[in-house]
Amino acid sequence: MKSVVIEGVLCHNTTGHVLKLNLRWEVDQYASCLGGEISSSLLDLKHLQYLDLSCNDFRRINIPKFFGSLSNLRYLNFSNAGFGGVIPHQLGNLSNKASNWLHVMNKLHSLSVLLLSSCELLAIDPLPHVKFSSLITLDLSYNDLITSSFNWFVDLISLTTLNLASNEIHGVVPSGVRNMTSLRFLDLSDNNFVGSFPDWLFHIITLEHLDLRSHGFGSNKFQRPRKSLQFVSQGGKQLSGSFPNTLGEFKSLEYLNLGMNRLSGPIPISLGGISSLSSNWTTPFQLTHLYLGSCLEGPAFPAWLQTQKNLQFLSMSYAGIIGVIPAWFWTRSYDEVDLSHNQITGSIPSLHSSYMYLGSNNFTGPLPQISSDMEELDLSNNMFYGSLSSILCPRTKEENFMADLDVSGNLLSGELPNCWMYWRELAMLPLGNNNLTGKIPSSMSSLVWLSSLHLRNNHLSGGVPVSLKNCSNLAVLDLSENEFTGSIPAWMGKFNGKFIRFFPGSDETTNTPGLMVLLLHSNKFNGSIPLELCNLHSLQILDLRNNNLPGTIPSCFGNF
């Protein structure tokens, strides 16, 4: 069958009949999501086989009954669409009780894809006989299902994708899964499964994606790994002991998550062990994601990571790594790296990742050069020294996308640089616990998205500049333990939040909370406490102690 596609609409190339209608809303679309009533004119599309209304906002209106008249429909996606009420019995000419949704769907004999994620489903009535045995994809994730008696699974022999993630299912893994001999994707994460680890999971020779995060299995079993597996996730504190030696037999592995467990000891040689590798040893896989947080694979940095040319996400926080990171690591570009809370030493020449978390280590030297497309950088609680200018004042006027920059708890000195106009996207800026001096520069008025500014425990002086009132989205302002002088500005009482657009020209808005935390203690402020602070309706913490503020506390403070 030939067809033609026009922006989410697929038509038959000869007859012009509409076969597919994809109205799913994506977060990066400029247009708003769909809402309101759904017109019955859809019935004119008599040959429609595919209808996707997911990720819209229909504000809990009922699912239209006339959908049951779309007799050729093979794919129907309501997930995250905001529908309410019960599934209409017209979809299956059965009872319209909410718990009978499975019976309703069972009437659709040709159904191949069923997506009911985030539909607030509570229960599943027994199903004596499965009539939609041609089902290929079943997604029941992010509901409130609690039973594990999925007896009807035994007939879903054509299923390739099964997603039960983020329910409250207890008991053992449904035994019917072992009959799904074509299964490629299985997600059982974030449930309450108990009992022994089901060995038969590794007998499904087609399985490529296996996610068992945060379950209650009591053992650490990888005895019969399938070479077809590309994605393995077993994070969640249920594994203990040493790393399984059979990990290296996952020859197709691209993603491995063993984070938040109690594993200890060296990474096995079969996976790329660091102690016995020859210089020409090549790993049998190429990972894109590797999560080993809270796994004690130190003290040395895993040398085998140098062979991973496609690695984009690396998490090894709390990993017991001690010493210097190899030079080759800093020359590569990653999407996200988390090496925080180790004992890594040495200097960093430059960084080329979008998200980099290196806090709570023993790095030293000047701050590294960073790329303009970096969005989050945490270098807190290290021993970096020198000026902030080396990282903040670029040689070119290239636009920067940094949203969070944390260099608190270091040995930085010198004045705050006056080049904040290049960092207009900043939202979080912790600079506390350093040795910074001088005044707050006027260019900080460019930080109109700033929600949290921490300058605590430096040697900053002078008055609070009036230009800072342009930062009207502030929720946290910490100027404590410095040498600021002058009066407390009355304009701080105007930090009460507002509606702002996500980006210029957008119809989407958000409401900023207003100033919630104001810490000005241990400075040299003088004069009376401004009454305007009483207008801060969102204020939760106010600390003005250890200043020279004569007079009485404003009576309106009793209204907070």
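**Local features of the predicted structure**

With a relative accessibility of 18%, Ser166 counts as buried, because the limit for burial is under 20% relative accessible area. The description given here rests on a predicted model. Ser166 is placed in the loop that runs between strand S8 (161–163) and strand S9 (170–171). When residues up to four places away in sequence are not counted, the residues touched by Ser166 are Tyr142, Asn143, Ser189, Asp190 and Asn191.

Nine aromatic pairs are found in a search of the whole structure. One of these pairs is formed by Trp330 and Phe363, whose arrangement is edge-to-face, with 6.1 Å centre to centre and 70° between the planes. Trp330 belongs to the loop between strand S19 (322–324) and strand S20 (336–338), whereas Phe363 belongs to the loop between strand S23 (355–357) and strand S24 (364–365); the pair therefore ties together parts that are 33 residues apart in sequence. Trp330 has a relative accessible area of 6% and is buried. Phe363 likewise counts as buried, at 0% relative accessibility.

An aromatic pair is also formed by Phe484 and Phe525, and this pair is stacked, the centres being 6.3 Å apart and the planes 15° apart. Phe484 is located in strand S35 (residues 483–486) and Phe525 in strand S39 (residues 524–525), so that parts 41 residues apart in sequence are tied together by the pair. Both Phe484 and Phe525 are buried.

Trp330 and Phe363 are also members of one aromatic cluster, which comprises Phe301, Trp328, Phe329, Trp330, Tyr334, Phe363 and Phe384.

The structure holds one disulfide. This link is formed by Cys393 and Cys419, with 2.1 Å between their sulfur atoms. The link of Cys393 and Cys419 is left-handed, with -75° about the S-S bond. Distant parts of the chain are linked by this pair: Cys393 is in the loop between helix H2 (389–392) and strand S28 (404–406), and Cys419 is in the loop between strand S29 (411–415) and strand S30 (428–430), 26 residues apart. The two cysteines are described by separate accessibility classes, since Cys393 counts as partly exposed at 31% relative accessibility, while Cys419 is buried with a relative accessible area of 5%. Accessibility was also computed for Cys11, which counts as buried at 13%, and for Cys55, which counts as partly exposed at 21%.

The surroundings of His454 complete the account. His454 is found in strand S32 (residues 452–454) and counts as partly exposed, at 25% relative accessibility. Leu429 is 25 residues away from His454 along the chain, and the C-alpha atoms of the two residues are separated by 6.3 Å. Leu429 is also among the residues touched by His454; with residues up to four places away in sequence not counted, the list consists of Leu429, Pro430, Leu431, Gly432, Val476 and Asp478.

Definitions and conventions
Residues numbered from 1 in each chain as written. Predicted model: local features only at pLDDT ≥ 70, side-chain atom pairs only at ≥ 80, totals over all residues. Heavy atoms only, no water. Helix = DSSP H or I, 4+ residues; strand = E, 2+ residues; numbered from the N terminus. Buried < 20%, exposed > 50% of the residue type's maximum accessible area, 1.4 Å probe, protein only. Contact = heavy atoms within 4.5 Å. Phe/Tyr/Trp six-rings, centres within 6.5 Å; stacked < 30°, edge-to-face > 60°. Disulfide = S-S within 2.5 Å.
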